[in-house]
Amino acid sequence: MMKRITKLFTILAVALMVCVPWRALAQNALMIDEYGALTDTQIAQCETQLQQVSDKYGVDVVALIASDTDGKDIVDFADDYFDYNGYGRGTDRSGIILVIDMYGREMYISTRGLCIDYFTDYGIESIADEIYPYLAGDFEGAVSRYAQLCDYYMNAAITDKPIDIYYNRLYIHLSGEDGKRINGHFSVYDVNGVHIGNIYVDHGEGYTDILTEDTNAVYTISCDDVSSKYAKPEDITVRGSAEYDITMTAARAPYDVMTGGAVSGGAGLIAALIGTGIMKSKNKSVRSKYDADRYVERGSFNLRDHRDYFLYSRTSRSARPKETERSSGGGGGHGGSFSGGSSTHTSSSGATHGGGGRRGF
Amino acid sequence: MSDELKQYKCPNCGGILVFDSSTQNLKCPYCHSEFDVEMMQSYDKDVAETTDNELSWTSKPQGQWSQSEAANIREYVCKSCGGDIITDETTAASSCPYCGNPVVMVNQFKGSLRPDKVIPFKFSKQQAIERYRKHLTDKPLAPKAFKAEKHMQEIKGVYVPFWMYDADVTARARFTATRVRSWSDRDYNYTETRYYNVFRGGDISFDNVPANGSSKMDTVLMESIEPFDMKQAVDFNMDYLAGYFADKFDISAEESGRKANQRIRNSTASAIQSTVSGYSTVTQAGMNMALVNESASYCLLPVWLLVTTYQGKKYYFAMNGQTGKLVGDLPTDTGLFARSFALIFAVVSALVFVASFLLKLF
């Protein structure tokens, strides 16, 4: 009898154990290696690293090396893994997960909560590009670098602003009060004199449509036109070499005597005309009398008959103008495939996720 | 009712109205307006009674000089301007008050109408000069010639002949008035105008409406020194002439009455129109006036007169000898004008220029 019961219990225990979602039990772990690409020591090291970064920023930084994606698209797989395994801290369930699909040979990063803003599309792409070389064989290196980059990007996002595409655009800033009054179109040339792009400067500030990674490049700027009374094209000088910022000063255009003189003359003329007009009118005092009101015998006015009666009425109408359609103007174009910021989608659990990845490692 | 109805025209469109037995009203077959019969009769009568008309004065002044008075009058004539002045035998006239040229005494005083009333001079010559001097102080563009002291002494006291009109006026006036109402719906803006006929009849009396009786005195100049207070007028007496000149009238009461009529008409019209209220617009359609108890009297009114010749033209200054009111158009001294203009121009231009430079406006 006892033998039978024990056997039953064992079978039940085994069955239960099989049914238990082992994956769920691993939810507290930030480093998950299903595939077996890492040694236990490596897993422990990665776990520590990820834990450190996660605690530093209050989000879950997760890395998963998966055998496959259960037949799902990697985007859904990554989102669901994160959502259904209870990852994410705070009410927003903030966190970031790196999924390396060993079967499909692709990697994907998904973000949720605060991390959506911390990691822009450009940021995720950059991280993916950086990790990609490691996936050739150094998976520990990949996760480690991933953790480092998450630290770096989140630090930037919190202390300054999220790393985004504009960091790599040429930016013009015209300094000073006069600088703020300048609107204009400028052409940008590289060190060889080749025209590489244009900048529209609005109230002293402007971005180019040129994307550049080279922080040491030198550019020359020429002014196509300025709409401001405060600077002539030849008065605009480039100061310093162009790195990320180009600073220009606009020399104050000299006082336009022609316009100033013309307006002053006009004002003087009007004043003189009015002044002499008043003086002249003082000379005239003879005026004809229109009525004899002063000679009316006081109280003599007496109304005897009065009749008011209605004759007819006429009605006219005019059509009211209809509201005309107005179309709003379109925005300017952008260079490159990124427009900045983080794009999001909704996962199967209904949560909002950001993300990006690379294929074919 | 088979008596022939007068043909009435529709006040709205002018079509001939037709009697509609079902409504007992007059109806217009063109614009379909309807009018009450009694109202149309009243309207028609109002239109007939309010046609504009001209007033005419029928009574004529009758005063005659007595023999003793006539004997003491000296008449002087100015050869250059034809001015005709009379004064008593104690006063000698040397220059014409109208043009400053010498006058010649006429041997025989030709009889003319004797004035009924006179208002004596209240202001002396000194006072007149004083006022004149003060008048010139705020006239920056007046030529220097007008301010010359010696010239101011030339001011002369003249009795100017006036016709004074009294009348009780009965007026009947008709107005077309409208009330306008506007409203809108989704597609249109509507405006409804309702037309009314307004009739008013009333009386108004006028006392001593003055009109200039001398062609030598500019009428507008004389109107400008009004009013004269007739309560201070006294019956005419030769004594008042001593030291002053009186102009003989040469505009008939009839003729100068026309200006008086115009003024009476305007006063009557505005008094009547002020009783019409509650409308968006009021337009006078006609006014008929009748004069009752009209009379015209001949009155001498005191005026201090100064004539100044400047660049070949004569400029007249008149001061009301009773009230002291002073009028006269002055010419503009071109030199002074140019200097003032240039000065203002220079100062203002400079200020604006400096301000715009400092404020970096250009």
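Modeller: Two residues are in contact if their C-beta atoms, placed from the backbone, lie within 7 Å. The model is predicted, so local features need pLDDT of at least 70 and side-chain atom pairs pLDDT 80 or more, while totals for chains, interfaces and linings use all residues. Residues are numbered from 1 along each chain as written, with chains lettered from A and ligands numbered from 1 in the order written.

Colleague: Which residues of helix 6 of chain A meet helix 7 of chain A?

Modeller: Gly123(A), Ile127(A), Glu130(A) and Ile131(A) meet Ala142(A), Arg145(A), Tyr146(A), Leu149(A) and Tyr153(A). Helices are DSSP runs of H or I, at least four residues, and strands are runs of E, at least two, numbered from the N terminus.

Colleague: Why is helix 6 of chain A called roughly antiparallel to helix 7 of chain A?

Modeller: Helix 6 (residues 121-131) and helix 7 (residues 139-159) of chain A pack at about 150°, with axes 10 Å apart. Axes are lines fitted to C-alpha atoms over the stretch in contact, and angles run from 0 to 180 degrees between N-to-C directions. Angles over 145 degrees count as roughly antiparallel (under 35 roughly parallel, 65 to 115 roughly perpendicular, the rest oblique). That angle therefore makes helix 6 of chain A roughly antiparallel to helix 7 of chain A.

Colleague: What makes strand 12 of chain A and strand 9 of chain B a pair?

Modeller: Pairing takes at least two DSSP bridges between two strands. Here 16 bridges join strand 12 of chain A to strand 9 (residues 188-212) of chain B, and the strands run antiparallel. Tyr309(A) stands opposite Asn197(B).

Colleague: How many residues are in contact between the chains?

Modeller: 54 residues of chain A touch 65 of chain B. Strand 12 of chain A gives the most to its chain's side, 18 residues.
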